Amino acid sequence: MIDKDQQIHLGQVAKPHGVDGEVLIRMLAQWENYEPAPDFIFLELHGGLVPFEVKALRYRHSNDLLVLLDRINGQEQARQLQGTAVYIAAEDLGEAPQEEKRSLNLLTGFQVSEQRRGSLGKIQAVIEIQNNPLIELLINEKEVLIPLQEDFIVHIDWKKRELTMQLPEGLIELYLE
């Protein structure tokens, strides 16, 4: 039997995702911004920890994982796992995140403000193009793509989920005209 005390309580299965048996795992706040990469996760079932092989894993937000597990074949099986505690081996948690090493995808949902224009809105998505990542905003119901370059970033507040930028004049207006 797997000893629960030797594993890390990562979070719980929040809900099924899609129809193929993928589940959304919500990580505990203390693991926010970690990027675990387990080959196996352990679900607390029937009073013990049951191992499941991870077939696919992707990150949704700073504390949400979308995971496809072996032996879970469909939405109904995934739904039965809802609320189940999730554990992983300590070595699978990864290192504590450092600000400069954080994934750009974690910026999704951040509030963006520009020094001259003020609030621009929330980041809808991060588009990772090699050496030229972009953030997508909706301004006046129009899609606006802004290069995520160091020169444009004034400050990132990870706790408040805010990004302050100084953009070249006319960049936003190109999209809004």
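Residues are termed buried under 20% relative accessible area, exposed over 50% and partly exposed in between, with a 1.4 Å probe and protein chains only. The model is predicted, so local features need pLDDT of at least 70 and side-chain atom pairs count only at pLDDT 80 or more, whereas totals for chains, interfaces and linings use all residues. Residues are numbered from 1 along each chain as its sequence is written, and side-chain values use heavy atoms, with hydrogens and water left out.

Trp31 and Tyr34 are both buried. A search of the whole structure finds one aromatic pair. It is formed by Trp31 and Tyr34, whose ring centres lie 5.4 Å apart with planes at 90 degrees, so the pair is edge-to-face. Rings of Phe, Tyr and Trp (its six-membered ring) are paired if their centres lie within 6.5 Å; planes under 30 degrees apart count as stacked, over 60 as edge-to-face and the rest as tilted.

Six strands form an open sheet of mixed pairing, in the order E10-E9-E8-E7-E12-E11. From one strand to the next, the twist averages 30 degrees, where axes are lines fitted to C-alpha atoms, for helices over the stretch in contact, and angles run from 0 to 180 degrees between N-to-C directions. Strands are DSSP runs of at least two residues (E) and helices of at least four (H or I), numbered from the N terminus; two strands pair if DSSP finds at least two bridges between them. Strand E9 (residues 134-139) runs antiparallel to E10 and is joined to E10 by six bridges. Ile135 stands opposite Ile146 in E10.

Most residues other than glycine have a negative phi. Arg71, in the loop between strand E5 (64-69) and helix H1 (75-79), has a positive phi near 70 degrees. At 47% relative accessibility, Arg71 is partly exposed. Arg71 also lies over the face of Phe52, at 4.3 Å from the ring centre; the criterion is NZ of Lys or CZ of Arg within 6 Å of the ring centre and within 35 degrees of the ring normal. A positive phi, near 55 degrees, is also found at His46, in the loop between strand E3 (40-45) and strand E4 (48-61). His46 is exposed, at 87% relative accessibility.

Lys160 is located in the loop between strand E11 (153-157) and strand E12 (162-165) and is exposed, at 59% relative accessibility. Lys160 and Leu93 are separated by 67 residues in sequence and by 24 Å in space, C-alpha to C-alpha.
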